[in-house]
Amino acid sequence: MGSVNPSKKNLTSRLKKLESVLGLKPTEMAALGGCSRATYYRYRNGESAPTLKFLNKLLKYENNVSAEWLLEGDGSILKHTDGITENGNEGISTNSEKQDFYNLPLRKMHSDGENKHRLGDNFKGTKSIALSKTLLNFLLKKEDFKGYDGAFIMVVEDDYMMPEVKEGGIILVDNKQVKPQADGIYIVRYDDFVRMKIVQPLPGQKLMLTTLDKKFEPIIVEKDQDGFEILGRVIWSTNPI
């Protein structure tokens, strides 16, 4: 099962590289990302994963930072540059375009020991979180913004998916990924409850639902079973906000 977080080690090196490219001290990077100096040093030292709020601020248009490079180390460090990569910072261009943000609904499941919640108005959520379209396009594997049609953010209130998903953190769910071809973490509806589960395809059109906390017994369901539905795949997780 692939991780839903970027490599802390690689992200640590990229934050240090970004300091050099932007000509900023760690304390100034902390201010740029809207976090405390102590929090930034935890990100910088690989002790915790940055929040979406922090990443959003780094990706604001005036910073000109590439989401592809920041999250995965691919391509140029800055957008609209003449080939600035990990190997150098020559020829930095100041030409940047405004980075728009998009409000995704914020949903919450109240914990009852297995982080499940009955479907209803509470699950739909009344709040939202603004994420940069560049970041969303990258995470949702889109080439350009055409709307996100139900992708959503969720607050996690339990620890049964540690260390992949931390208690108190938030997750980004892609509602277009509902037909698992390999193991992954999904939000599912089962018997009128919403749960976060590892979904593993089995032979014969069956799925096994498990958690990383082994105290919960696996559940076997049919893909087209009444009362069962996959609502989306967890594609990003951060530390508590």
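Reader: Tyr40: buried or exposed?
Author: Tyr40 counts as buried, at 0% relative accessibility. Buried means under 20% relative accessible area, exposed over 50%, and partly exposed in between (1.4 Å probe, protein chains only).

Reader: What kind of model is this?
Author: It is a predicted model: local features need pLDDT of at least 70, side-chain atom pairs count only at pLDDT 80 or more, and totals for chains, interfaces and linings use all residues. Residues are numbered from 1 along each chain as its sequence is written, and side-chain values use heavy atoms, with hydrogens and water left out.

Reader: How many aromatic pairs does the structure hold?
Author: Five. Rings of Phe, Tyr and Trp (its six-membered ring) pair if their centres lie within 6.5 Å; planes under 30 degrees apart are stacked, over 60 edge-to-face, and the rest tilted. Tyr40 and Tyr41 have ring centres 6.4 Å apart and planes at 65 degrees, so they are edge-to-face.

Reader: Which residues form one aromatic cluster?
Author: Tyr40 and Tyr41, together with Tyr43 and Phe54.

Reader: What about Tyr160 and Phe216? How are the rings set?
Author: Edge-to-face, with 5.9 Å centre to centre and 75 degrees between the planes. Tyr160 lies in the loop between strands S4 (152-155) and S5 (170-174), and Phe216 in the loop between S8 (206-210) and S9 (219-222), so the pair ties together parts 56 residues apart in sequence. Both residues are buried.

Reader: Which ring does the charged end of Arg107 sit over?
Author: The ring of Phe152, at 4.1 Å from its centre. A charge sits over a ring if NZ of Lys or CZ of Arg is within 6 Å of the ring centre and within 35 degrees of the ring normal.

Reader: Switching to helices. At what angle do H2 and H3 pack?
Author: About 105 degrees, with the axes 9 Å apart; H2 is residues 26-33 and H3 is 37-44. That makes H2 roughly perpendicular to H3. Angles of 65 to 115 degrees get that label; under 35 is roughly parallel, over 145 roughly antiparallel, and the rest oblique. Axes are lines fitted to C-alpha atoms, for helices over the stretch in contact, and angles run from 0 to 180 degrees between N-to-C directions. Helices (H or I, at least four residues) and strands (E, at least two) are DSSP runs, numbered from the N terminus.

Reader: Which residues meet there?
Author: Pro26, Thr27, Met29 and Ala30 in H2 meet Arg37, Tyr40, Tyr41 and Arg44 in H3. Contact means heavy atoms within 4.5 Å.

Reader: Arg44: buried or exposed?
Author: Buried, at 18% relative accessibility. Beyond neighbours within four places in sequence, Arg44 contacts Thr12, Leu15, Lys16, Glu19 and Pro26.

Reader: Where is Leu52?
Author: In helix H4, residues 52-58. Leu52 is buried, with a relative accessible area of 1%. Neighbours within four places aside, its contacts are Leu131, Leu135, Ile153, Ile170, Trp236 and Thr238. Ile129 is 77 residues away in sequence, and its C-alpha is 9.5 Å from that of Leu52.

Reader: And Met208? Which strand?
Author: Strand S8. Outside four places in sequence, Met208 touches Ile198, Val199, Gln200, Leu202, Pro218, Ile219 and Ile220.

Reader: Whole chain now. How many helices and strands?
Author: Seven helices and 10 strands. Of the 241 residues, 47% are buried.
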